[in-house]
Amino acid sequence: MRAIKKARKFIETDPTSDVSVALSKLILALENEQDFSLKPMYDLGMDDFNLLIEVMKDWRLDRFYEGKTKAISIALQAGQIKS
């Protein structure tokens, strides 16, 4: 299961837990391209800490694929213009 999906399940199950609060803040910071304090991460257990790291990795990977998809779309459109 992808980390972002795991994060969503954590937040849905217990939105007030420390890990859910940290995940929510991290996701909102990533989405809004804002700063995120690492302090809440260090207060979590190792498994929860690793989940936040995995969310960041997935988020970055998804941004790469989104950019790749847009580039392919533009390339296809440009190819149709020349045809």
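**Exercise 1. The nonpolar core**

Task: In this predicted model, find how many residues the largest nonpolar core has and which of them have the most contacts inside it.

Solution. 
Step 1. Count the members: the largest nonpolar core has 13 residues.
Step 2. Pick out those with the most contacts inside the core: Val19, Leu23, Leu44, Leu51, Leu52 and Val55.
Step 3. Assign the core to elements. Two or more residues come from each of helix H1 (3–13), H2 and H4.
Step 4. Take Leu52 as an example. Apart from neighbours within four places in sequence, Leu52 is in contact with Val19, Ala22, Leu23, Leu26, Phe36, Met41 and Leu44.

**Exercise 2. The chain as a whole**

Task: State how many helices and strands the chain has, and what share of its residues is buried.

Solution. 
Step 1. The secondary structure comes to 4 helices and 0 strands, and the pattern along the sequence is α-α-α-α.
Step 2. Of the 83 residues in the chain, 22% are buried.
Step 3. Turn to the contacts between residues at least 6 apart in sequence: 55% of them join residues at least 24 apart.

**Exercise 3. Asp58**

Task: Decide whether Asp58 is buried or exposed, and list its contacts, leaving aside neighbours within four places in sequence.

Solution. 
Step 1. Locate the residue: Asp58 belongs to helix H4.
Step 2. The relative accessibility of Asp58 is 11%, and the cut-off for buried is under 20%. Asp58 therefore counts as buried.
Step 3. With those neighbours left out, Asp58 is in contact with Arg2, Ala3 and Ile4.
Step 4. Look at Ala3 in detail: a polar atom of the Asp58 side chain lies 2.9 Å from the backbone nitrogen of Ala3.

**Exercise 4. The largest pocket and Glu33**

Task: Describe the lining of the largest pocket by class, then examine Glu33, one of the lining residues.

Solution. 
Step 1. The largest pocket holds about 160 Å³ of space.
Step 2. Two or more lining residues come from each of helix H2 (18–31) and helix H4 (46–82). H4 gives the most, with 4 residues.
Step 3. Sorted by class, the lining has 7 nonpolar, 1 polar and 3 charged residues. Among them are Leu26, Phe36, Trp59 and Arg63.
Step 4. Glu33 sits in the loop between H2 and helix H3 (39–42).
Step 5. The relative accessibility of Glu33 is 60%, and exposed means over 50%, so Glu33 counts as exposed.
Step 6. Check the backbone: phi of Glu33 is near 50 degrees, a positive value in a residue other than glycine.

Terms used. Residues numbered from 1 in each chain as written. Predicted model: local features only at pLDDT ≥ 70, side-chain atom pairs only at ≥ 80, totals over all residues. Heavy atoms only, no water. 1 Å grid on protein atoms, 1.4 Å probe; cavity = no way out; pocket = protein on both sides within 12 Å on 5 of 7 lines; lining within 4 Å. Points joined across faces, edges and corners; volume = space filled by probe spheres on them. Nonpolar A, V, L, I, M, F, W, Y, C, P; charged D, E, K, R; others polar. Buried < 20%, exposed > 50% of the residue type's maximum accessible area, 1.4 Å probe, protein only. Polar contact = N/O pair within 3.5 Å; in protein donor to acceptor, adjacent residues only side chain to side chain. Contact = heavy atoms within 4.5 Å. Core = buried A, V, L, I, M, F, W, Y, C linked by side-chain atoms within 4.5 Å.
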